[in-house]
Amino acid sequence: MKRRRLGRSRVEVTALAFGSAGIGNLYTEVGEQEAHEAVEAAWQRGIRSFDTAPHYGLGLAERRLGAALRAHPRARYTVSTKVGRRLEPADAGGDDLADGFAVPATHRRVWDFSADGVRRTLETSLLRLGLDRVDVVYLHDPDDHAEQAFREAYPALERLRAEGVVGAIGAGMNQSAMLTRFVRDTDVDVVLCAGRHTLLDQSALSDLLPAALERGRSVVVGGPFNSGLLADPRPGATYDYAQAPAELLDRALRIKAAAERHGTTLRAAALAFCAAHPAVASVLAGARSAAEVHDCADQFAAPVPTALWQELRAAGLLPPEGEPA
């Protein structure tokens, strides 16, 4: 599978990357064997870039991902994780479904973008992963912690990169405005933008993607299906982790019908759109089973006719600048 370098770093990622929130029991439980098979399927399909975070299942995704990758040569894959949510033991009982994960509430998340918090969080992530290093570290959702993230956490990442502890640094968010600030005002290598460069939301086209191209930085696009609506548009489908509004469901169904008229699928079009911009190094798609991985890899490899983008533009379903090259 095609690889691209992240910014000016030496870290390379595959064009399609595996997101591990699903194997961290996002919404519903996933068995140990099923989680292992999902990672193995990604490996079989040539995916060599894997993303995780302490937030996903209170560390479960990191543990499962590390265990599954242990059978493979470390030099052949890249792992990214995140800092900003530090896990502390808790004994309140219950589950973590309020935060989206079907796991026991054995820990609680503490927002911490201090320099010490960055190092402590990364150290515990390495223990869960069973690794002595990760390739990429992102500041995770610093939306409401901008001052501390820029003043303390980002310089801490710079030091970790200078020390060789990590190969590339950046920030990951569900918005493009602050990521654009990271690209313009810091020396990040890469940013992870979730859900803001999709067939239903092209807001990153107005700020982040042009800035990244201008500055020679890379963008990893997450949430290519906007949490579900672009994978299977139907009543009750989710958009950005909540029930999709009726107007967005209608728009997704119209795009799906157009894709099928051109002999392709909505999922293939969604992935192709995310990947087409020259600033995008990789598309990060979550999966919770081997079947989902294989389907995603098939759709990613499927050709999408240029005529589809032309029809979507003519119908007002994509902006004039929204047609992939």
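**Figure 1. Lining of the largest pocket.** The lining of the largest pocket has 17 nonpolar, 18 polar and 13 charged residues. The model shown here and in the other views is predicted. In total, 48 residues line this pocket. Nearest its centre lie L26, S227, G228, Y241 and G286. The volume of the largest pocket is about 1400 Å³. Strands β11 (168-173), β12 (190-194) and β16 each supply at least two lining residues, as does helix α9 (290-301). Helix α9 gives the most, with 4 residues.

**Figure 2. The second largest pocket.** This pocket holds about 220 Å³ of space. Its lining counts 16 residues, and R10, V11, T78, R133 and D135 are the closest to its centre. By class, the lining divides into 6 nonpolar, 3 polar and 7 charged residues.

**Figure 3. The closed barrel of 8 strands.** The strands follow the order β3-β4-β5-β10-β11-β12-β13-β16, and their pairing is parallel. From one strand to the next, the twist averages 25 degrees. Two of the pairings, both involving β13, are detailed in the next view.

Figure 4. β13 (residues 218-222) and β16 (residues 280-286) run parallel and are joined by 4 bridges. In this pairing, V220 stands opposite S282 of β16. β12 and β13 also run parallel, with 5 bridges between them. Here A194 stands opposite G222 of β13. Strand β13 is mostly covered, with 5 of its 5 residues buried. Both of its faces are covered. S218, V220 and G222 are buried on one side, and V219 and V221 on the other.

**Figure 5. Buried residues of helix α8.** Helix α8 spans residues 266-276. Its buried residues are L266, A268, A269, A270, L271, F273 and C274.

**Figure 6. R288 in the loop between β16 and α9.** The loop that holds R288 runs between strand β16 and helix α9. R288 counts as buried because its relative accessibility is 19%, and the cut-off for buried is under 20%. Leaving aside neighbours within four places in sequence, R288 is in contact with G22, I23, L26, T28, E29, V30, E34 and A38. R288 and L26 are 262 residues apart in sequence. In space, their C-alpha atoms are 8.7 Å apart. L26 also belongs to the lining of the largest pocket, where it is one of the residues nearest the centre.

**Figure 7. The largest cavity.** A search of the whole structure finds 2 cavities of 30 Å³ or more. The largest contains about 120 Å³ of space. It is lined by 15 residues, of which V13, S49, S80, Y138 and V220 are the closest to its centre. Strands β4 (49-51), β5 (78-83), β10 (136-140) and β16 each give two or more residues to this lining. The lining divides into 10 nonpolar, 4 polar and 1 charged.

Figure 8. The lining consists of L16, A17, F18, I47, A285, G286, A287, V293 and C296. Two or more of these residues come from each of β3 (16-19), β16 and α9. Strand β3 has the largest share, 3 residues. By class, the lining has 8 nonpolar residues, 1 polar and no charged. G286 lines this cavity and is also among the residues nearest the centre of the largest pocket.

**Figure 9. The hairpin of β7 and β8.** Strands β7 (residues 95-96) and β8 (residues 101-104) pair in the antiparallel sense over 2 bridges. D96 has F101 of β8 as its bridge partner. The hairpin has 4 residues between its strands. In the turn, G100 has a positive phi of about 100 degrees.

Methods:
Residues are numbered from 1 along each chain as its sequence is written. This is a predicted model: local features need pLDDT of at least 70, side-chain atom pairs count only at pLDDT 80 or more; totals for chains, interfaces and linings use all residues. Side-chain values use heavy atoms; hydrogens and water are left out. Two strands pair if DSSP finds at least two bridges between them. Axes are lines fitted to C-alpha atoms, for helices over the stretch in contact, and angles run from 0 to 180 degrees between N-to-C directions. On a 1 Å grid over the protein atoms alone, a cavity is a set of points where a 1.4 Å probe fits but cannot get out, and a pocket is an open set with protein on both sides within 12 Å along at least five of seven lines; lining residues have an atom within 4 Å of a point. Grid points are joined across faces, edges and corners, and a volume is the space filled by probe spheres set on the points. Ala, Val, Leu, Ile, Met, Phe, Trp, Tyr, Cys and Pro count as nonpolar, Asp, Glu, Lys and Arg as charged, and the others, Gly among them, as polar. Buried means under 20% relative accessible area, exposed over 50%, partly exposed in between (1.4 Å probe, protein chains only). Contact means heavy atoms within 4.5 Å.
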